[in-house]
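Here are my notes for you to read alongside the model. Take them one at a time and find each piece on screen as you go.

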Amino acid sequence: MKTKKLIFNFALIIITFIAIEACETYYFRSNYKDANELLHRRDNSNVKPFLKAHLKNGDICIFRNTWNVDTVQNTVSGTGVRYDFNRNISSEGSILLSVDSVAIFETNKKLTGTGTGRVAALAILAAVDAGIGIACLTNPKACFGSCPTFYMNESDNFHYADAEGFSSAIAPSMEYYDIDALNNLPVTGNVFSLTMKNEALETHCVKDVKLLAYPRKKGERIYHSPKNEFYLCENIYSVSNAQVSDADITDLIRGEDRLERFSLADENNLSSKEEIFLNFDNVEDLNDLGLVIHFRQTLMTTYFIYSAIGYMGDEVGDIFAKIETSNDTDDKLKSGLGKELGKIDVYVRNEKNNDWELTDGLYETGPIAINRQILPLKNITSGSKVRLKLVLNKGLWRIDYVALTNIKGKVRPVEISPCSVLNKGKADNTALSSVIDPDKYLISMPGSEYKFNFILPQTGDDYELFLYSKGYYLEWMREQWIKDKDLLKLNQMVEHPAKYLRSEAKDYKIYEATMEQEFWNSKIDTKHFSYHEN
Amino acid sequence: MAVICSSCSMSSPDYLPDSENIDVNVYGSYISIVMKDAEHTTGGELIAVDSANFIVLTETDDSLVKKIKIVPVKKVDNFVIKYAEGDDYIAAVPLYTLASLTHGYYALITLPLNLIITLVVNSEAFVYSDKNISLDDLKMFARFPQGIPPNIRYDSIK
């Protein structure tokens, strides 16, 4: 909230400033019905104002500051200009008027410095804009997002994104499909809507958007695994105790409350690992357990993506062309940086053997939407206590929630294509055909919003819903990145990731200390999305 | 926002003086009148005003022919007068809006703020409305504060 508050306060100061200026009333004009009133009520300042004499016949005389009223002769005299009723000049020079011919005298004070407040307000605003601009241009990774974001409530902003699609697909050859649990409330009615937004300086090429639905009864949930399998589950066992080194983090990861546990990166090596120990003391049914985990990434991977593009500098087009035509890009990325950073590896304690057995790992790119997945566990020994260990890269993961559940069985959700697409509230059949036709892409530009409507199979049933999205996106090269060109570093990042992660640690720590904190401090954490709490 | 935009869009005719030359201006102020039926607005130079009528020299669409229009006070919902030409900061509106594009996520906050603030800066300059000036004081801003002299035919006023 800190940044938002700061911007808001600045805006408040500026608006107040302008409001005061705008509300200021300029009492600059005075009218006098006769010469006596003019002489007695006029300010006795040393500077004599220009005098306007509105004549009874509609003419007007403007006397310069040399005018005089002769109360004996009952005249006004001086040098000036006389205009007729249509304001054409009728005479110029010495003027002598009978006071009786004048209907009204008028004086005006000079208006000076009236624009000062406005100039000051614009100057303050320019300074604030420049400050934010410089901060974002210096650390663009903290201000610009990535990939399409999806919302069940279309008015939500990216802090409340329900899903982010294909975050790793930064080139056509990297296109893939992504499945995200929507953690939806009980469904009412048979129409379900999802809004897709492009909130970044990117071109999103969306090949497919579908809803995956499976009916659920009270007490049942369906979870999605990293292998894209779906499990019907019942019972939830909360974590009894969670420890990292000597710190108790139980409260942070026991509830679906968006209070997340995260750590900062190692200052010497960005691929340093840490261990989280989880104890579940009251597991009533040890059969077919699965670990439910809600997680997302920090801005670390976003930093690497933007850094890589920055290292390409003005050769970004050529390098991306090579990536497109190369067969081993995907392998290099998976075996390189991705492997070094690793997954959230889940280990189960085997008390008989007195060791930890690796079950599997979870991985989803993206810092915006929380991923909600299940990992089926194996080799749980008897008793009511289950001990797990998570091994994960320091400073890379944010964990909101962990729990155990009993898996009733594997299920297959139905796939539902959108029945209509709305663009700015109006039906967009071209967009609809683009996402339905497997050979077409829906192109979404910065600021675009598309609302997808889906018809659920059966009215009255409740469904667990998942988003299926497929496509890729093209990051817009920003001028300020070109200066970061460093092909040797790019090579090191791809070919020698371990060395790169050590050498980049200091630079990343500077970024992490400022923008990571600033970015996430603006999070509004009062809203709950938990199915259970609603 | 609509109010800000409407006051921004108030045209600034040639006869309005710069704020520095307010004391030698010989014309009436520009007045924009909104009628109670909300369908009609009248704008032009304020020629005279009394408790019964506003007399306004309006410009027609071709902006060359001017015509006197008498507007009964009782049919008027509100009015705004502009008595001087302020410095023009209208270029700040697109300029500051564009600046928001460098703010990434924060543009969600800074873009509307920049728009509002620059529009406010461009509005309200040298303006009175029915909320802060009485009809009696409004006379001072007419070409003929004393009322239209009897010797002048309405159709001869230009």
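**Notes on the two chains**

1. Start with chain A, where six strands form an open sheet in the order E16-E15-E18-E23-E20-E21, paired antiparallel. Strand E16 (247-248) and strand E21 (355-362) of chain A are at the edges with a single partner strand each, so one side of each has no neighbour in the sheet. Strands here are DSSP runs of E with at least two residues, helices are runs of H or I with at least four, and both are numbered from the N terminus. Two strands count as paired if DSSP finds at least two bridges between them.

2. Before going further, some housekeeping. This is a predicted model, in which local features need pLDDT of at least 70 and side-chain atom pairs count only at pLDDT 80 or more, while totals for chains, interfaces and linings use all residues. Residues are numbered from 1 along each chain as its sequence is written, and chains are lettered from A and ligands numbered from 1 in the order in which they are written.

3. Now zoom in on that sheet. Strand E20 (residues 344-350) of chain A pairs with E23(A) in the antiparallel sense, over four bridges. One spot to look for is Tyr347(A), whose bridge partner in E23(A) is Lys389(A).

4. Stay with strand E23 (residues 386-393) of chain A, which holds Leu392(A). Is Leu392(A) buried or exposed? Leu392(A) counts as buried because it has 23 C-beta neighbours inside 10 Å. (Buried takes 20 or more other C-beta atoms within 10 Å of a residue's own, exposed 12 or fewer, partly exposed is in between, and C-beta atoms are placed from the backbone.) Leaving out residues up to four places away in sequence, Leu392(A) touches Lys273(A), Glu274(A), Ile344(A) and Trp397(A). Touching, or contact, is when two C-beta atoms, placed from the backbone, lie within 7 Å. Ser272(A) is 120 residues from Leu392(A) in sequence, yet their C-alpha atoms are 8.5 Å apart in space.

5. Next, a helix. Helix H9 (residues 429-436) of chain A has Ala431(A), Leu432(A), Ser434(A) and Val435(A) as its buried residues. They span an arc of only 160° around the axis, which puts them on the same side of H9(A); the arc is that of the directions from the helix axis to the C-beta atoms. On the face turned away from the buried side you'll find the exposed Asn429(A), Thr430(A) and Ser433(A). The cover over the buried residues of H9(A) includes strands E12 (202-215), E26 (420-423), E28 (442-444) and E29 (449-455) of chain A.

6. What about the nonpolar cores? A nonpolar core is a set of buried Ala, Val, Leu, Ile, Met, Phe, Trp, Tyr and Cys residues joined through C-beta atoms within 7 Å. The largest has 90 residues, and among those with the most contacts inside it are Leu278(A), Val402(A) and Phe466(A). Apart from it lies another core of 25 residues, including Ile22(B), Phe54(B) and Leu57(B).

7. Over to chain B, which has four helices and six strands, following the pattern α-β-β-β-β-β-α-α-β-α along the sequence. An open sheet of six strands runs E4-E3-E2-E1-E5-E6 in chain B, with antiparallel pairing. E4 and strand E6 (127-129) of chain B stand at the edges with a single partner strand each, so one side of each lacks a neighbour in the sheet.

8. Walk through the pairings in chain B. Strand E2 (residues 41-49) of chain B runs antiparallel to strand E3 (residues 53-59) of chain B over five bridges, and E2(B) and E3(B) form a hairpin with three residues between them. Within that pair, Gly44(B) has Thr58(B) in E3(B) as its bridge partner. E3(B) is also joined by seven bridges to strand E4 (residues 66-72) of chain B, again antiparallel, and Leu57(B) has Ile68(B) as its partner there.

9. Finally, how far can you trust chain B? Its average pLDDT is 81, and 84% of the residues score at least 70; pLDDT is the predictor's confidence in each residue, from 0 to 100. Over residues 1-9 of chain B, pLDDT stays under 50. Where pLDDT is low, the predicted coordinates should not be read in detail. The model scores ipTM 0.80 and pTM 0.59.
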